[in-house]
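Reader: Could you take me through one part of this protein in close detail? I would enjoy a connected account that starts with the chain as a whole and then settles on a single residue.

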Amino acid sequence: TPGVNKRSVTELVVAQMIYVSRSLYTSNNEVKNGLWQVRKSHQLSSRTVGVIGLGEVGQDLVCLLSAFGCRLIGTDLADRQAFADRYSVEIMGLEELLKTADIVSIHVPLDKTTRNLINEQQLALMKSGALLINYARGGIVDEAALLNALENDQLAGAVLDVFDKEPPTNKRLLANDRLFASAHIGGSSYEAIRAMGVAAIEGLGAP
């Protein structure tokens, strides 16, 4: 049942885009520690969002983001032109997308062709103020290369819900102030869990 938990994932992705773009994590910590610092930040509606993978989850993300008025760009091995035309998504190659996007969100499966898809060379193409989000699978982003990019100010930040090894063991990566991590919770809303259970039960009666 492809896409049964897609809304659970995409809502969190949009939330992270807003949280990081508006410096909400930083502001929360500062206020709790007695520092009143008014920070300037970017609206999501002013961003160019690149979606890598326009399958079930990627398409649902585009549907949510269309309400914000973002510039939407996407890439996929399959022909997604009909969907792209409907939602004003500019289709382009991966390298062009990485060079263009302010926010890059990954929504492809993990296989031999996508392992370390986002590596040192790909990260070097991204804007210095860009945000990378992976709510797909661990192993798609080369974590060593990502750490290097964060430590060398190549990226403004990264959001990882998935890691190559779970729980993750790279303490330097986890300690980096520009990394925002969660424990593979993308599909773990009560609603998504119920939908997956219902789909499994209905599948028992399938021929």
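Author: Happy to. Let's begin with charge: the protein chain carries 20 positive and 23 negative side chains, with the centres of the two sets 4 Å apart. Please keep in mind that this is a predicted model.

As for the fold, the protein chain is made up of nine helices and seven strands. Its radius of gyration is 17 Å, close to the 17 Å given by the globule rule for 207 residues, so the chain is as compact as a globular protein of that length. Along the principal axes, the C-alpha atoms fill a box of roughly 60 × 35 × 35 Å. Among contacts with a separation of 6 or more, 63% join residues 24 or more positions apart.

Now for the surface and the interior. The protein chain exposes about 11,400 Å², and 51% of that comes from carbon and sulfur atoms. Of the 207 residues, 43% count as buried.

That brings us to the close-up. Leu117 sits in the loop between β4 (103–106) and α6 (120–125). Is Leu117 buried or exposed? Its relative accessibility is 19%, and the cut-off for buried is under 20%, so Leu117 counts as buried.

Who are its partners? Leaving aside residues up to four places away in sequence, Leu117 touches Ile52, Leu94, Val108, Gln122 and Ile140. For a sense of distance, take Tyr135: it is 18 residues from Leu117 in sequence, and their C-alpha atoms are 14 Å apart in space.

Methods: Residues numbered from 1 in each chain as written. Predicted model: local features only at pLDDT ≥ 70, side-chain atom pairs only at ≥ 80, totals over all residues. Heavy atoms only, no water. Helix = DSSP H or I, 4+ residues; strand = E, 2+ residues; numbered from the N terminus. Rg over C-alpha atoms; globule rule 2.2 N^0.38 Å. Buried < 20%, exposed > 50% of the residue type's maximum accessible area, 1.4 Å probe, protein only. Contact = heavy atoms within 4.5 Å. Areas by Shrake-Rupley, 256 points an atom, 1.4 Å probe, with all protein chains shown as cover. Lys, Arg positive; Asp, Glu negative; His and termini not counted. Charge placed at Lys NZ, Arg CZ, Asp CG, Glu CD.
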